[in-house]
Amino acid sequence: MSAPAHSAGLIAALSLAARYFLPLLVLAIVLLAAARRVPVFEEFSQGARRALPLVFRLVPPLVGMLAAVSALRASGAFDLLARLLDPLLKGVGFPAEVLPLALVRPFSGSAALGIATEIIHARGPDSFPGWLASILLGSTETTFYVLTVYFGSVGIRDFRHAPWVGLIGEMVGLAAGFTLARLLY
Amino acid sequence: MPHIPRPSLIRLVEGKAASDQVPEVRPKATGGDREAMGVINALWAAMLILALVTGAATGREQQVVNALFSGASLGAKIALDLLGVMAFWLGLTQVAEKAGVLRILTRGLRPLVRWLFPQVPAGHPAEGAILLNFTANLLGLGNAATPFGLLAMRHLQDLNPEPSRASPAMITFLAINTAGITLVPALIMAVRAQAGAADPGGILVPCLLATVSAAAAALAADRLWQKLAGGRPAGHPAGSRPPKPPAPPPQIPPGPAAPGGRGEVHP
């Protein structure tokens, strides 16, 4: 991925931020907790226990999606799709196999996770499709689901322009995710 | 109606919101959370059909069947493999919560919320619920975020002159919420770590930037829309009341429990 020279500084800054963000966050949490005499390990263990039900709940959607996407990959449908969409996708450098992920993302978090996981495993987490899938997964939210649940909970029927606003956010999130994935790869 | 006790979070917001009860989120019987299942049902069927038909057409039906099984067992293996990283992160999140990180974030976000929701009077319970929802989302506490989000909707509904129509404040609230701003998308990091990525956390900053741009775009679209619609402009001076004061307080049915918590499956 070549980038224009003038943005090299920005990219360097972003890479630096990406490298230190997580260690600094963890450090800040632990320092703050220690300073406030939080019984860190006890609290940690209690919080960690919440991961068990979460992981169990992930089994069905991951099994379903990994089976379907693996089958799709083995059938050669992705190659076909890529050849079909070549004129459209070639120019922007978007891998065809990542398309289903972008389609599913606004509707279901766990289905999107399943599709992204398959790509990350089949192509490698550090391949461009794997990297892009990871970033796109974290670039937006399950917009339509959130709208339905939140409005439904108070009996709102007329959503007015909220779905459009959500859709614009979704598009911008995916476009920004794709651009950043290319810049930082 | 039973309520989920979240004492440590609730204590954060002083004033009225603190005494509010968090709406119940009915635990869902089936698999994933936050689904809009109709589309997914159709898509899953379409993927399988397409795989089997293409496989038959290209003479790869055996590979397709093998891939179904190997994909299924890989899915289960990965799900269980995520336990380590997710447990670590959720444990760390609880430490952060006890250390008062939520309170710090809540205080920092208050001016932003005042600016975003001029229709919500300062100190109104809706403000507290919105703040807690944003903070919990930011920390990736999807579970805790949903009840606060539903609570915020209920309080915003109290301010809504037309109970069946989305109010400007609600649309702004959802514009931010659907952008999905999170400091640490833990699940993705866990998947990458489990797959042996050189730098599992390298996605954090791009994801944060992408979600912030999404939120900014959604907000801009929302404001523009409200301006063009000619209705009440989004930007009242802070603290002013909405133009149409709600007549009698609308009768809010105790909101039907959401079909699922946002969240456990946090992006």
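**Cores and a helix crossing**

Me: Which residues is B:Leu82 in contact with, leaving aside its neighbours within four places in sequence?
Reply: In this predicted model, B:Leu82 touches A:Val55, A:Leu58 and A:Leu62 from chain A, plus B:Leu187, B:Ala190, B:Val191 and B:Gln194 from chain B.

Me: OK, and which residues touch the most other members in the largest nonpolar core?
Reply: That core has 88 residues, and B:Leu82 is on the list along with B:Met86, A:Leu58, A:Leu62, A:Leu101 and A:Leu132.

Me: Which helix gives the most to this core?
Reply: Helix α3 of chain A, residues 51–75, with 11 residues. There's also a second, separate core of 33 residues, with B:Val113, B:Val120, B:Ala152 and B:Met170 among them.

Me: Switching topic: at what angle do α6 and α7 of chain B cross?
Reply: Roughly 125°, with the axes coming within 9 Å.

Me: Left-handed or right-handed?
Reply: The crossing of α6(B) past α7(B) is right-handed.

Me: What sort of residues make that contact?
Reply: 10 nonpolar, 2 polar and 3 charged. On the α6(B) side they include B:Leu105, B:Leu109 and B:Val113, and on the α7(B) side B:Ile130, B:Leu131 and B:Phe134.

Me: Last one, chain A: how many helices and strands?
Reply: 9 helices and 0 strands.

Me: And how much of chain A is buried?
Reply: 54% of its 185 residues count as buried. Of the chain A contacts between residues at least 6 apart in sequence, 70% join residues at least 24 apart.

Key:
Residues numbered from 1 in each chain as written. Chains lettered and ligands numbered in written order. Predicted model: local features only at pLDDT ≥ 70, side-chain atom pairs only at ≥ 80, totals over all residues. Heavy atoms only, no water. Core = buried A, V, L, I, M, F, W, Y, C linked by side-chain atoms within 4.5 Å. Buried < 20%, exposed > 50% of the residue type's maximum accessible area, 1.4 Å probe, protein only. Helix = DSSP H or I, 4+ residues; strand = E, 2+ residues; numbered from the N terminus. Contact = heavy atoms within 4.5 Å. Axes fitted to C-alpha atoms, helices over the stretch in contact; angles between N-to-C directions. Left-handed = near helix turned anticlockwise from the far one by under 90°. Nonpolar A, V, L, I, M, F, W, Y, C, P; charged D, E, K, R; others polar.
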